[in-house]
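Subject: The structure you asked about

Hi,

Here is the structure, handed over for you to open next to your own notes. Please have a look at it first, and then read on.

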Amino acid sequence: MGNYKIVALDLDGTLLDSEKNIAKSTAQYLISIQKKFPIILITGRAYKNSKYYYKILNSHSYLVTNNGAQIFYNNSLITQSEIRNDNIEKLMSLSKKYKLKYVAFTEKDILFELKKMDILEESILKFTFIDIQSKQLNKNLVNEIQDIKGIDITNNTYKSIEINRQGVNKGTALQYIAKKLNVSLKECIVIGDSLNDLSMFTTNAISVAMGNAKRIIKENSDFITLDNDNKGVEVALKKLLNQRFY
């Protein structure tokens, strides 16, 4: 067993079950062990849609939102990375070209339509194309997005594509926090299920894929646990941390 010091948990498909709840026993377990070391929630969700779960765990540690674009500590924002205005305009042009809907995630809100004034006044953290109707359309869109300098695709479910500022992802957020805490990535446990978790899985952290995880996540994991409807997070942590706490 390793001498682990940090646990980083994705929310949807990982800590949350299919009903978007945290199992009672899992919440109790996480509350009990976070006295020993930080439990970090690290999600693609906006802050307004993730702080509820942070509160359930009575956490005073780090919360990472919008795929790494915002990092909070004890509910206070400590760092933020926005997409450049010119790149937002390019993404909006692509939405018109392909007749696609999009969602823009700002510091305080979630916008389903952007006006010129919004781009000037709002800090846009993540831009997501939604309701993509075919894999070919997805492929064409990905090719054009990759030609835009200064942004990265952080998640792609075929029906939606999430975009952040270049270099912003869950993995770099984890590295930032580990450095702040003077902890080696080898002392971190990360648990996730989706493509936006891959950047954490390709660090030196110990990686655990959920039973319901995408194939590429399982292929890049050190361990595979049960799925999110069978307390996969709790099962994995009890096994990995057994020597330290029981």
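This is a predicted model: local features need pLDDT of at least 70, side-chain atom pairs count only at pLDDT 80 or more; totals for chains, interfaces and linings use all residues.

**Helix α3**

Let's start with α3, which runs over residues 85–97. At 1.5 Å a residue, its 13 residues should span 18 Å, and the end C-alpha atoms are 19 Å apart, which agrees. Which residues of α3 are buried? They are N87, I88, L91, M92, L94 and S95. Looking down the axis of α3, you will find these buried residues within an arc of 155 degrees, so they line one face of the helix.

**Helix α5**

One of those covering elements, α5, has a face of its own to show you. α5 has twelve residues, and its first and last C-alpha atoms lie 16 Å apart, close to the 16 Å expected at 1.5 Å a residue. Its buried residues include L137, N138, L141, V142 and I145. Around the axis they cover an arc of only 135 degrees, which puts them on the same side of α5. Among the elements that cover them are α3, β8, β9 and β10.

**The loop between α3 and β6**

Two residues in this loop are worth a look, K99 and L100. Is K99 buried or exposed? With a relative accessible area of 76%, K99 is exposed, because the cut-off for that is over 50%. K99 comes after α3 and has a positive phi, near 55 degrees, although K99 is not a glycine. As a rule, most residues other than glycine have a negative phi.

L100, in contrast, is buried, with a relative accessible area of 9%. Leaving aside neighbours within four places in sequence, L100 is in contact with S95, F129, I130, D131, I132, L137 and L141. For a sense of distance, L100 and I206 are 38 Å apart, C-alpha to C-alpha, and 106 residues apart in sequence.

In soluble globular proteins, nonpolar side chains tend to be buried together. Here, the largest nonpolar core has 51 residues, and those with the most contacts inside it are L9, L15, L30, L41, I189, I191 and L237. Another core, of 24 residues, lies apart from the largest one and has Y102, L111, L114 and I119 among its members.

**The largest pocket**

How much space lies in the largest pocket? About 430 Å³. The pocket is lined by 19 residues, and I153, T154, N155, N156 and L195 are the closest to its centre. At least two lining residues come from each of α5, β9 and α7 (198–201). β9 gives the most, with five residues.

**Other loop residues**

The loop between β1 (6–9) and α1 (24–33) holds K20 and S18. K20 is another residue other than glycine with a positive phi, near 65 degrees, and K20 counts as partly exposed at 38% relative accessibility. S18 is also partly exposed, at 48%. S18 touches N228 and D229, leaving out residues up to four places away in sequence. S18 and I31 are 13 residues apart in sequence and 21 Å apart, C-alpha to C-alpha.

Finally, N66 sits in the loop between β3 (62–65) and β4 (70–73). At 0% relative accessibility, N66 counts as buried. Beyond its neighbours within four places in sequence, N66 is in contact with T43, G44, R45, A46, Y47, F105, L125, K126 and N164.

Notes:
Residues are numbered from 1 along each chain as its sequence is written. Side-chain values use heavy atoms; hydrogens and water are left out. Helices (H or I, at least four residues) and strands (E, at least two) are DSSP runs, numbered from the N terminus. The expected span of a helix is 1.5 Å times one less than its number of residues. Buried means under 20% relative accessible area, exposed over 50%, partly exposed in between (1.4 Å probe, protein chains only). The arc is that of the directions from the helix axis to the C-beta atoms. A nonpolar core is a set of buried Ala, Val, Leu, Ile, Met, Phe, Trp, Tyr and Cys residues joined through side-chain atoms within 4.5 Å. On a 1 Å grid over the protein atoms alone, a cavity is a set of points where a 1.4 Å probe fits but cannot get out, and a pocket is an open set with protein on both sides within 12 Å along at least five of seven lines; lining residues have an atom within 4 Å of a point. Grid points are joined across faces, edges and corners, and a volume is the space filled by probe spheres set on the points. Contact means heavy atoms within 4.5 Å.
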